[in-house]
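Subject: Structure handover

Hello,

The sequence and the structure are below, followed by notes on what was found in them. Please read the notes with the model open.

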Amino acid sequence: MTAARVVTSDTAGIELAINALKRGAAIGIPTETVYGLAADASNPSAVASIYAIKGRPSFNPLIAHVASIEMARGEGVMDERAEALATAFWPGPLTLVLPVAANGRTCELARAGLTTIAVRIPSHPVTQALLTLMQGPLAAPSANPSGKLSPTRAIEVATELGDAVELVLDGGPCASGIESSIVAILPDSAPTLLRPGAIARDQIESITGPLAQPAGTAITAPGQLQSHYAPRARLRLNAQHAEPDEVLLGFGPQAPIGADNLSVSGDLTEAAANLYQRLRQLDASGAQKIAVMRVPCEGLGEAINDRLQRAAAPRY
Ligand code: TXA
Ligand code: MG
């Protein structure tokens with residue numbers, strides 16, 4: 001597979017990207033969480049190419065990325081609770097699942113036919129510029145082959161998706177390194193955390209009050225599919241040490257000196273930013289089994305543990 005072209009995100013690069021998007025192509029874009037595979041959300045054939053390139057089942061809906069709260073209101077119905085979350089966290093790594101607005105521009109395929117829609121305003125300046133020039137929503141899932149690790153560098157998108165992607169805009173390494181938090185704000189139900197992510201639960205709850213857990217398994221957020229975010233190597237979680245056939249992925253100062261470590265100081269923000277990168281490096285080094293030390297479940301640790309559990313889940 002030939003790698004996709006990586007393009008510097010200067011004015012000329014952004015113009016190339018806009019031209020590609022307007023023609024209906026899918027391109028790699030940087031966000032503050034992970035890289036996205038973006039296409040014009042109003043164009044069903046452009047959206048279809050996202051599903052095809054990722055090998056993603058078409059029942060799994062995409063997030064509509066928009067430039068402003070006005071644009072978000074055009075796609076989803078925002079009640080007071082949604083407005084309060086938007087004021088607190090947008091632009092930034094929060095996705096709201098809302099009732100579909102009457103004249104929204106996001107096509108049905110991007111929503112996988114649901115009557116709800118996921119919307120977010122990313123804060124990455126390159127994607128802000130793109131969205132402002134597009135004047136319309138971009139559908140963008142994480143830019144990984146379905147079920148694999150999300151990319152946090154442009155080169156990973158270019159090599160792992162290859163030249164089925166017309167170009168990848170390079171916006172540098174992603175600051176958060178883990179996907180957005182997804183909260184459903186729907187009529188007659190409590191705010192519900194569908195996916196823990198780059199904004200910690202207690203920060204969200206400081207605006208919404210206690211968040212509900214998703215009921216049953218009906219509606220899916222990313223990793224509702226059990227095996228997801230999976231490296232090639234097998235993972236063993238909450239390890240104290242590595243067995244002879246394992247490589248250790250440590251966390252905090254208690255890990256052996258010189259071991260691979262998500263954050264030597266035990267900082268969860270740093271660990272989130274390093275997570276996919278370290279797993280990729282261990283895969284590239286040929287490791288077959290990875291023993292991951294315990295990461296506390298507080299703050300961003302909830303999202304880190306969610307991704308680790310899915311990465312460790314049995315594969316079918
Ligand atoms: O940080 C992020 O959110 C990244 C960047 C690129 O923005 N995007 C991302 O997209 O993680 P994706 O497609 O990998 O994960 C979003 C998940 C989907 O797997 C889907 O299950 C869920 O959001 N989702 C989308 N629309 C939904 C809806 N209407 N109801 C419930 N879940 C929904
Ligand atoms: Mg994803």
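Helix α1 makes a right-handed crossing with helix α5 (right-handed if the near helix is turned clockwise from the far one by less than a right angle, left-handed if anticlockwise). This is a predicted model, in which local features need pLDDT of at least 70 and side-chain atom pairs count only at pLDDT 80 or more, while totals for chains, interfaces and linings use all residues. Residues are numbered from 1 along each chain as its sequence is written, chains are lettered from A and ligands numbered from 1 in the order in which they are written, and side-chain values use heavy atoms, with hydrogens and water left out.

α1 covers residues 11-22 and α5 residues 125-134; their axes are 10 Å apart and the packing angle is about 50°. Axes are lines fitted to C-alpha atoms, for helices over the stretch in contact, and angles run from 0 to 180 degrees between N-to-C directions. Helices (H or I, at least four residues) and strands (E, at least two) are DSSP runs, numbered from the N terminus. The pair α1 and α5 is therefore oblique; angles under 35 degrees count as roughly parallel, over 145 as roughly antiparallel, 65 to 115 as roughly perpendicular and the rest as oblique. From α1, Ile14, Ala17, Ile18, Leu21 and Lys22 meet Val126, Ala129, Leu130, Leu133 and Met134 of α5, where contact means heavy atoms within 4.5 Å. These residues comprise nine nonpolar, no polar and one charged. Ala, Val, Leu, Ile, Met, Phe, Trp, Tyr, Cys and Pro count as nonpolar, Asp, Glu, Lys and Arg as charged, and the others, Gly among them, as polar.

Next, α4 and α7. The axes of α4 (residues 80-89) and α7 (residues 201-208) come within 9 Å and cross at roughly 130°, which makes α4 oblique to α7. Their crossing is right-handed. Ala84, Leu85, Ala88 and Phe89 of α4 form the contact with Gln203, Ile204, Ile207 and Thr208 of α7, giving six nonpolar, two polar and no charged residues.

The loop between α4 and β5 (94-99) holds Pro91, and the peptide bond from Trp90 to Pro91 is cis, with omega near -5°. In the loop between β5 and β6 (116-120) lies Ala112, a residue other than glycine with a positive phi, near 55°.

Helices α8 (residues 268-284) and α9 (residues 301-312) pack with axes 9 Å apart at an angle of about 25°, and are therefore roughly parallel to each other. The crossing of α8 and α9 is left-handed. Leu268, Ala271, Ala272, Leu275 and Tyr276 of α8 meet Gly301, Ile304, Arg307 and Leu308 of α9; by class there are seven nonpolar, one polar and one charged.

Last, the cavities. Searching the whole structure gives two cavities of 30 Å³ or more. On a 1 Å grid over the protein atoms alone, a cavity is a set of points where a 1.4 Å probe fits but cannot get out, and lining residues have an atom within 4 Å of a point. Grid points are joined across faces, edges and corners, and a volume is the space filled by probe spheres set on the points. The second largest cavity has a volume of about 30 Å³. Its lining consists of Leu193, Pro196, Gly197, Ile199, Ala200, Arg201, Gly299, Glu302 and Ala303.

Regards

Notes. On a 1 Å grid over the protein atoms alone, a cavity is a set of points where a 1.4 Å probe fits but cannot get out, and a pocket is an open set with protein on both sides within 12 Å along at least five of seven lines; lining residues have an atom within 4 Å of a point.
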